[in-house]
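Let's take a walk through this model together. Have a look at the picture first, and then we'll pick out a few spots.

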Amino acid sequence: MQIRKAEINDIPTIQAIAEQAWRPTYGEILSEEQCVYMLDIMYRTDVLKKQFDENVYFFMLESEEGAIGFAAYEAMDDLKGKLHKIYLRPLQKSKGAGTFLLEYVAKFAQQNGQKAIFLNVNRHNSAVQFYLKRGFQIDQELDLHVGEGYYMNDYIMKREL
């Protein structure tokens, strides 16, 4: 496996991985309507292009099979950063790919001076256990209205670097 910084022309691949990962991840947590809505507001081409322009770093995880996952990270200030997104193609889960990608982002953040990484994760997402096992702690709960009557019921998790 290798990781490289993503480019604008990777947006269709990022969208494809998100589409493949969302339903297995959120199908039992969110309604289909909310999944469609969230994918649209988070992964439309114009939204992703804007993130690339706003210093959100996207990283592509690749194997011999091609792109198998991605992460998006942003330095929020001199001391902390935010992992906005980390998704894998469903067949890649439980093979160490997520840990490999997460540790790459943590090292990137540390090399850029950040002392902590924060992330939001749905309170009912099995990924909560993944993050706890990798040094994150639950910092707070957040119920965020995202439009159309939908909410993100998240934990904000923190990992000291």
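Start at Asn55, which sits in the loop between α3 and β2; helices (H or I, at least four residues) and strands (E, at least two) are DSSP runs, numbered from the N terminus. This is a predicted model, where local features need pLDDT of at least 70, side-chain atom pairs count only at pLDDT 80 or more, and totals for chains, interfaces and linings use all residues. Residues are numbered from 1 along each chain as its sequence is written, and side-chain values use heavy atoms, leaving out hydrogens and water.

Asn55 has a positive phi, near 65°, though it isn't a glycine. Asn55 is also exposed, with a relative accessible area of 54% (exposed means over 50%, buried under 20%, partly exposed in between, with a 1.4 Å probe and protein chains only).

Now step back into α3, residues 45-53, whose buried residues are Val47, Leu48, Gln51 and Phe52. They span an arc of only 140° around the axis, so they lie on the same side of α3; the arc is that of the directions from the helix axis to the C-beta atoms. Their cover includes α1 (11-26), α2 (32-43), β2 (57-63) and β4 (80-88).

What about the nonpolar cores, meaning sets of buried Ala, Val, Leu, Ile, Met, Phe, Trp, Tyr and Cys residues joined through side-chain atoms within 4.5 Å? The largest has 26 residues, and Ile14, Trp22, Tyr43, Phe58, Met60, Phe70 and Tyr87 touch the most other members. Its largest share, 7 residues, comes from α1. Apart from it lies another core, of 25 residues, including Ile3 and Leu119.

Conventions:
Contact = heavy atoms within 4.5 Å.
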